[in-house]
Amino acid sequence: MQAEPVLLTGLIETCRATIAANSEHLCALDRAIGDGDHGTNMRRGCDAVSAEEASVATLPLPDALEKIGLTLVMNIGGAAGPLYGTLLMEMGRELRALHQNQDFPAVLMQAIDAVARRGRSHAGDKTLLDVLYPVQDALAHRSSLTDIARQAEVAAERTSAMRAMRGRASYLGDRSIGHVDPGASSCALLTTAICRYLEEHRSA
């Protein structure tokens, strides 16, 4: 399963540019309930992946995803690095072991469940899982890329009403309610950027 080099490098650049443009916004969200560095950390991770995009693009897709995931683990500080890294590395492993009766939504579900185990979190805990699970569900129901992007945005906004159960934000208790989770926000931003890029690429 070979990744299309132009498509993969385009996705990497799209993600890097999206996080760069929203870095301060993500930091502002994080300042309300965390350390205030989520945007900076995500930008550092995306920049590191971008620096390796030429070599990543030559790899089979499972290997490319694993390498990107490892790069994120090594370059994003806080909890986000291991969580995003786990997501991509598990996707790579699942794709490599893909069974004939599996499809991408099943692969994504396995990877998301691995993230949940890594973070010892569940849907409703006010984390990026609250975006990932709805996105997977939309994929499983064959929703359009536009609808998947919208679902991600709505899911991130819904975390505002949740009480944080994991991470530094959990120390705030009920005071975490009323703030969008920064990890959910970065996840929605990346999902939306990927969906829009794929839609444009498909129409080209």
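**Reading the predicted fold**

Biologist: Which share of the contacts in the chain with a separation of 6 or more comes from residues 24 or more positions apart?

Modeller: Residues 24 or more positions apart account for 66% of those contacts, where a contact means heavy atoms within 4.5 Å. This is a predicted model, in which local features need pLDDT of at least 70 and side-chain atom pairs count only at pLDDT 80 or more, while totals for chains, interfaces and linings use all residues. Residues are numbered from 1 along each chain as its sequence is written, and side-chain values use heavy atoms, with hydrogens and water left out.

Biologist: How many helices and how many strands make up the secondary structure of the chain?

Modeller: There are nine helices and zero strands, given that helices are DSSP runs of H or I with at least four residues and strands are runs of E with at least two, numbered from the N terminus.

Biologist: What makes a residue buried or exposed, and which percentage of the 204 residues is buried?

Modeller: Buried means under 20% relative accessible area, exposed means over 50%, and partly exposed lies in between, with a 1.4 Å probe and protein chains only. By that rule, buried residues make up 49% of the chain.

Biologist: Why is H5 said to be enclosed by the rest of the structure?

Modeller: Of its 17 residues, 14 are buried, so H5 is largely enclosed by the rest of the structure. This helix covers residues 80-96 and reaches 24 Å from its first C-alpha to its last, close to the 24 Å expected; the expected span is 1.5 Å times one less than the number of residues.

Biologist: How do you know whether the span of helix H7 agrees with its 12 residues?

Modeller: The 12 residues of H7 (residues 129-140) should span 16 Å, and the end C-alpha atoms are 16 Å apart, which agrees. Buried residues of H7 include Leu 129, Val 131 and Tyr 133. Just after H7, Arg 142 takes a positive phi of about 60 degrees.

Biologist: In the loop between H6 and H7, what makes Lys 126 buried or exposed?

Modeller: Lys 126 has a relative accessible area of 2%, so it is buried, and its phi is near 70 degrees, a positive value in a residue other than glycine.

Biologist: And Arg 120, is that residue buried or exposed?

Modeller: Arg 120 has a relative accessible area of 66%, so it is exposed. Arg 120 is also found in the loop between helix H6 (104-119) and H7, and it has a positive phi of about 50 degrees although it is not a glycine.

Biologist: What does Thr 9 count as, and which residues is it in contact with, leaving aside neighbours within four places in sequence?

Modeller: Thr 9 lies in helix H1 (residues 5-33) and has 22% relative accessibility, so it counts as partly exposed. Leaving aside those neighbours, Thr 9 is in contact with Glu 53 and Ala 57. Thr 9 and Ser 55 are 46 residues apart in sequence and 9.9 Å apart in space, C-alpha to C-alpha.
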